[in-house]
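Reader: I would like to learn how to read a few features of this model. Could you take me through them?

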Amino acid sequence: MAISREAAGRHAGRVVMCTGAAQGLGRAMLDAFAAEGARLALIDIDADGLATAQAQLQRVYPAVETICVTASVADDGQVAQAFEAVLAHFGRVDVLLNNAGISMNRPSLELTPADWRRAIDIDLSGVFYCCQQAGRAMQASGGGVILNTASMYGVVAAPERAAYCAAKAGVVALSKSLAVEWAELGIRVNAICPGYIRTALVDSLIERGALDAARISARTPMGRLGTPQDVAGVACFLASDAAAFVTGHAMLADGGWTANGYM
Ligand SMILES: NC(=O)c1ccc[n+]([C@@H]2O[C@H](COP(=O)([O-])OP(=O)(O)OC[C@H]3O[C@@H](n4cnc5c(N)ncnc54)[C@H](O)[C@@H]3O)[C@@H](O)[C@H]2O)c1
């Protein structure tokens, strides 16, 4: 019997669960894992977006099994139910892509307590709730990989992003802490720190004038914004056995932005 393109991949048969799966980086990562033969659990707050993403994935990768669960990562009860549903269906989670997140761009003197809580609830607490559920499932099945989408703004700072930077720096520290704690369980935990990547999130900031695409490209040594596929490639590598000794790492995918101390 011929082996399908999907089944031959590095992630053949692995159960990959992704939050923020309906669009953007989550959607691109799922495509990349589908191309490598993974089975997919899509989690998002946007039920219609999930249905569209699932239909697209099934069209391109008919051999890949997918399920969708609508849940907010900011709600620990909904996260627990989402994991229950995924475990009831697949019986295991091999890779968690903890990717759901929002931006929070506002001058700090105007940031409301509600703005602060929203960013921390989704961008940091949501990551922990999903890590904890995945950690329990992976302990039971003998190990796994967790990749938390942080940001280069978890490593360096920018003005008018206090809550976002604090949350993403928290994600980097959380990833290191869990990596150290769960290494003995066979669970690797790493953070991915994208720079500016063209997704709906960044496009909406460019449209409202909060970001200047030409300035970003000029400031980036590689001379462009990233693509979702640039991040998906990093995720597939970090989740693969080629990265078997990599844990507690925060990997930048930013075209050199953070390294650049010149302009
Ligand atoms: N695009 C970039 O330049 C960039 C750079 C650095 C980090 N990031 C991070 O990457 C991740 C994905 O960003 P993106 O650009 O793809 O954004 P996006 O807005 O295109 O997609 C985010 C997805 O998360 C979902 N989501 C939002 N809140 C949720 C919640 N409470 N529960 C479940 N799902 C929820 C949205 O419905 C959406 O489908 C985020 O964590 C973001 O902070 C993005």
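Author: Gladly, and let us begin with strand pairing: two strands pair if DSSP finds at least two bridges between them. Strands (E, at least two residues) and helices (H or I, at least four residues) are DSSP runs, numbered from the N terminus. This is a predicted model, where local features need pLDDT of at least 70, side-chain atom pairs count only at pLDDT 80 or more, and totals for chains, interfaces and linings use all residues. Residues are numbered from 1 along each chain as its sequence is written, and side-chain values use heavy atoms, leaving out hydrogens and water.

Reader: How many bridges join β4 to strand β5?

Author: Four bridges join β4 to β5 (residues 144–149), and the two run parallel. Leu97 stands opposite Leu147 of β5. Strand β1 (residues 15–19) is also parallel to β4, joined by three bridges, with Val95 as the bridge partner of Val16.

Reader: Which way do the side chains of β4 point?

Author: In a regular strand, side chains alternate between the two faces of the sheet. Here, in β4 (residues 95–98), Val95 and Leu97 point one way, Leu96 and Asn98 the other. All of them are buried, that is, under 20% relative accessible area, where over 50% is exposed and in between is partly exposed (1.4 Å probe, protein chains only).

Reader: What unit do β4, helix α4 and β5 make?

Author: A crossover is right-handed if, with the strands pointing away from the viewer, the path from the first strand over the helix to the second runs clockwise. With α4 (residues 113–141), β4 and β5 make a right-handed β-α-β unit.

Reader: How many aromatic pairs does a search of the whole structure find?

Author: A pair of aromatic rings is described by the distance of the centres and the angle of the planes. Rings of Phe, Tyr and Trp (its six-membered ring) pair if their centres lie within 6.5 Å; planes under 30 degrees apart count as stacked, over 60 as edge-to-face and the rest as tilted. The search of the whole structure finds two pairs. Tyr153 and Tyr196 are edge-to-face, because their ring centres are 5.9 Å apart and their planes at 80°. This pair links distant parts of the chain, 43 residues apart. Tyr196 and Trp257 have centres 5.4 Å apart and planes at 75°, so this pair is edge-to-face.

Reader: Is Trp257 buried or exposed?

Author: Trp257 counts as buried, because its relative accessibility is 12%.
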